[in-house]
Amino acid sequence: MKQWWILTIVLFSLQCTLPSVSHAGEVLDKVRSDGTLRCGVGGSLPTFSRLNSQGVWVGLDVDYCRAVAAAVLGDKNKVTFVPLTLQQRFAALQSGQVDMLARDTLSNLTRDASLGVISVATNFYTGAGFMVRRDAGIASTDDMSDATFCITHGNSAVGALADTMKKKGFEYKLIQLEKFQDTFQAFLSGRCDAAVAGAADLAGVQVTMAPNPSELVVLDELMSADPYSVYVARGDWEWFTIVRWVHYGLIEAEKQGILQANAQQLATASEDPTVRRMLGAQDELGKLLGLDNDWLVKVISATGNYGEIFDRHFGKGSQVNMARGQNALARDGGLMYSPPFN
């Protein structure tokens, strides 16, 4: 009897200390059954998500959709992109119309606590800002008394603008439109003094969509600190964990020097234990997520690491040529970092 109790205690201890293989959640099962990831995007900003002139989806958010598809389906092209307005986005996710939302969407308490959705991870830092005409004589919000602002319905910057104007004691008017491209066109046509949106959004459309970019300026002044996040519906924590660690994989890959061009080679040749764990050469971390052990090799081979994605759409490889700023790795003075891969 004593030996039986000892054996029971030993087995229980092993069960508590050994990692268990993750069971697939409902969303992962559905994505695999359908053979496609339905990804909600904005569809109007070239830097985040838009069809280009060749009919190909491009943008930072698009690459996040493709990264998740590569992780769970082994193919970055197995994505069905679903364009959603600001007002449609959360209802579409909550109802199951899309499996994830990568749509330059601000994370805040109200959204996490009351909409049946949950922010997974911050994939871009910006802030609510202003675009004005260079010859308008507007250098800051101090010059905006009685101004008219163009803004998209559902944009959280409406609240930030109200707070800013109230603090200054300024009267102002709003012109609200359904889609961002309509908001931008209304500004270009002179219906308002300034367009209000995320500063990164505005910088992107200035150089990619404005007829004469030099005639416009995005003010340095920001009204808020806006962490854009990928979102999933509440309740399927296996799916939440997969999407979150795809993001962390993109970040840590940049830190470890894992690139689109060398991911497959490092998977077999690297002797660095961290890189080996990440790329599935040891410890079988992929099984804990319910994925193949080389899931991150597939991700980085498909999209590159976070730095490569940023440079492609916002940085030195793009028309925008924006500095990394807060979107740099933590080691470089930014806010991007990953928990350990162990």
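Predicted model: local features only at pLDDT ≥ 70, side-chain atom pairs only at ≥ 80, totals over all residues.
Visitor: Which classes of residue make up the lining of the second largest pocket?
Guide: Six nonpolar, four polar and six charged residues make up that lining. Residues are numbered from 1 along each chain as its sequence is written, and side-chain values use heavy atoms, with hydrogens and water left out.

Visitor: What is the volume of the second largest pocket, and which residues are closest to its centre?
Guide: The second largest pocket holds about 230 Å³ of space. Of its 16 lining residues, Val 27, Gly 96, Val 98, Asp 99 and Ala 233 are closest to the centre. Helices α2 (26-34) and α4 (89-95) and strand β12 each give two or more residues to this lining. Helices (H or I, at least four residues) and strands (E, at least two) are DSSP runs, numbered from the N terminus.

Visitor: What makes a space a pocket, and what a cavity?
Guide: On a 1 Å grid over the protein atoms alone, a pocket is an open set of points with protein on both sides within 12 Å along at least five of seven lines, whereas a cavity is a set where a 1.4 Å probe fits but cannot get out; lining residues have an atom within 4 Å of a point. Points are joined across faces, edges and corners, and a volume is the space filled by probe spheres set on them.

Visitor: Which residues lie nearest the centre of the largest pocket?
Guide: They are Thr 126, Ala 199, Ala 200, Leu 222 and Met 322, out of 18 lining residues. The largest pocket has a volume of about 360 Å³, and its lining divides into ten nonpolar, six polar and two charged residues. Helix α8 supplies the largest share of that lining, four residues.

Visitor: How many cavities of 30 Å³ or more are there?
Guide: The count is one. About 240 Å³ of space lies in the largest cavity. Its lining has 25 residues, with Leu 86, Asp 104, Asn 155, Asp 201 and Tyr 228 closest to the centre. Strands β5 (100-106), β10 and β12 (226-233) each supply at least two lining residues, and β5 gives the largest share, with four. By class, this lining has nine nonpolar, ten polar and six charged residues.

Visitor: Why is the link between Cys 39 and Cys 65 called a disulfide?
Guide: A disulfide is a pair of cysteine sulfur atoms within 2.5 Å. The sulfur atoms of Cys 39 and Cys 65 are 2.0 Å apart, so the pair meets that rule. The link is left-handed, with -65 degrees about the S-S bond. It joins distant parts of the chain, since Cys 39 sits in strand β1 (residues 37-41) and Cys 65 in helix α3 (residues 60-73), 26 residues apart.

Visitor: What about Cys 150 and Cys 192?
Guide: Their sulfur atoms are also 2.0 Å apart, so this pair is a disulfide by the same cut-off. The torsion about its S-S bond is about -115 degrees, so this link is left-handed. Cys 150 lies in strand β8 (residues 147-152) and Cys 192 in the loop between α7 (180-188) and β10 (194-198), so the pair ties together parts 42 residues apart in sequence.

Visitor: Are Cys 39 and Cys 192 buried or exposed?
Guide: Buried means under 20% relative accessible area, exposed over 50%, and partly exposed in between (1.4 Å probe, protein chains only). Cys 39 has 0%, so it counts as buried. Cys 192 is buried too, at 4%.

Visitor: In what order do the five strands form an open sheet?
Guide: The order is β9-β8-β10-β7-β11, with mixed pairing. Two strands pair if DSSP finds at least two bridges between them. Strands β8 and β10 have two bridges, in the parallel sense, so they count as paired. Phe 149 stands opposite Ala 194 in β10.

Visitor: What makes β9 and β11 the edge strands?
Guide: β9 (172-177) and β11 (216-218) each pair on one side only.

Conventions
Nonpolar A, V, L, I, M, F, W, Y, C, P; charged D, E, K, R; others polar.
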